[in-house]
2 protein chains.
Amino acid sequence: MPRKTPEKTDAYSHDHSRLIEAWRVMHYALRAVIAEPDRMLAKRGLTRVHHRILFFVARQPGMSVGELQTVLDVTKQALNTPLKQLQTQGLIDLSKAAHDARVRRIELTAEGASLEAKLTGEQLHMFAEAFAHAGEDATASWFEVTGKLAERIAR
Amino acid sequence: MPRKTPEKTDAYSHDHSRLIEAWRVMHYALRAVIAEPDRMLAKRGLTRVHHRILFFVARQPGMSVGELQTVLDVTKQALNTPLKQLQTQGLIDLSKAAHDARVRRIELTAEGASLEAKLTGEQLHMFAEAFAHAGEDATASWFEVTGKLAERIAR
DNA sequence: CGAGATAGGTCAATCACATTGACCTATTCT
DNA sequence: AGAATAGGTCAATGTGATTGACCTATCTCG
């Protein structure tokens, strides 16, 4: 799909520099969304892994260590340390499952839930702002393009 | 901006699950764009750093080590190893600058240029496809939303 | 009941990677 | 000639993640 004229390109022509700009903007958008939560986490000596744990536990309270291991795709050794740190800081609560005492029930404490809401809320707020700014149609378009990009990944 | 009615939300209301979906899709899009080049690099024992070097040198042939250090935001020690590897594999060419023999001119070899074109081309192709699929207006909207998100980052 | 499987925890070795600091050469600038 | 600069290299350190081995508590099943 070559460009036809210098002053106007048809709807399906995308020149090199525009595509590079797309890639660049996407990187910066990612960094922007991650930046503020990272700063909040750093204050407590925590990292993105801790946020990921809080995020999933918030959405599936009582999930087990094994389930968490699966969704996060990490080994139990890699999970153990941050999990203990979160427990020590009183952000999560570990208890034995009723149906099987070998299994741990992981839940957020009130403080953990509060922190999670702040972290994730900050990120979702950025999206909400960008979507609100662009309008509903643009939002749908954004989903269409980004979803198309994501299509190649199995999951 | 609370939701008004359950069945229809106005253009500026974005509920929780939709925002989470946006975040999720963006992650997957990122991974999708990175996945294939990473696989190609891995075959040669290279990583994303090497691609970044090739990318910038392709766009500014003859740039110095110091300049590369600046754009990549890494120390010279961190840059030195991958740079030597690229040289060993015959992908880049180092020579002394004419105006100052202390300064290195970094250029891609034919093979380096070919690899760079394949790596970056693969990524840009994904964007081109997604944009072409969604159309020109949707593309503009995508830039608007993503650009709005990226706005918070200085650079 | 007793053997084997399972969930989770822990210790240790290793690997990859980046960072800081110190020191060295070649070269240019003054 | 002496100071500054571009680059290179060695060494120590720190962080994370990975694998492997081994341990306890608990459950399941013949």
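Which residue of chain A does the side chain of Arg152(B) meet in a salt bridge? The partner is Glu129(A), at 2.9 Å from N to O. A salt bridge here is a side-chain nitrogen of Lys or Arg within 4 Å of a carboxyl oxygen of Asp or Glu. The pair crosses between chains. Arg152(B) lies in the segment after α6 (136–150) of chain B, and Glu129(A) lies in helix α5 (residues 110–134) of chain A. Helices are DSSP runs (H or I, at least four residues), numbered from the N terminus.

The model is predicted: local features need pLDDT of at least 70, side-chain atom pairs count only at pLDDT 80 or more, and totals for chains, interfaces and linings use all residues. Residues are numbered from 1 along each chain as its sequence is written, chains are lettered from A and ligands numbered from 1 in the order in which they are written, and side-chain values use heavy atoms, with hydrogens and water left out.

Glu122(B) forms a salt bridge with Arg152(A). The closest N and O atoms of that pair are 3.9 Å apart. Across the interface of chain B and chain A, 6 salt bridges are found. Over all chains the count is 22. Side chains of opposite charge can pair when their charged atoms come close.

The interface itself puts 52 residues of chain B in contact (heavy atoms within 4.5 Å) with 52 residues of chain A. About 5,700 Å² is buried between the two chains, 75% of it on carbon and sulfur atoms. Buried area is the accessible area (1.4 Å probe) that two parts lose on being put together, summed over both. Trp23(B), Trp142(B) and Leu149(B) supply 12% of the area that chain B buries against chain A, more than any other three residues.

Helix α1 (residues 16–43) of chain A packs on helix α1 (residues 16–43) of chain B. The angle is about 135°, and the axes lie 11 Å apart. Axes are lines fitted to C-alpha atoms, for helices over the stretch in contact, and angles run from 0 to 180 degrees between N-to-C directions. The two helices are therefore oblique to each other. Angles under 35 degrees count as roughly parallel, over 145 as roughly antiparallel, 65 to 115 as roughly perpendicular and the rest as oblique. Trp23(A), Met26(A) and Leu30(A) are among the residues of α1(A) that meet α1(B), where the partners include Trp23(B), Val33(B) and Ile34(B). Ala, Val, Leu, Ile, Met, Phe, Trp, Tyr, Cys and Pro count as nonpolar, Asp, Glu, Lys and Arg as charged, and the others, Gly among them, as polar.

Within chain A, the axes of α1(A) and α5(A) come within 9 Å and cross at roughly 160°. That makes α1(A) roughly antiparallel to α5(A). The contact has 9 nonpolar, 1 polar and 3 charged residues. Glu36(A) in α1(A) is one of the residues involved, and those in α5(A) include Lys118(A) and Glu122(A).

Within chain B, helix α2 (residues 48–59) and helix α4 (residues 76–88) have axes that come within 10 Å and cross at roughly 75°. That makes α2(B) roughly perpendicular to α4(B). By class, their contact has 7 nonpolar, 2 polar and no charged residues.
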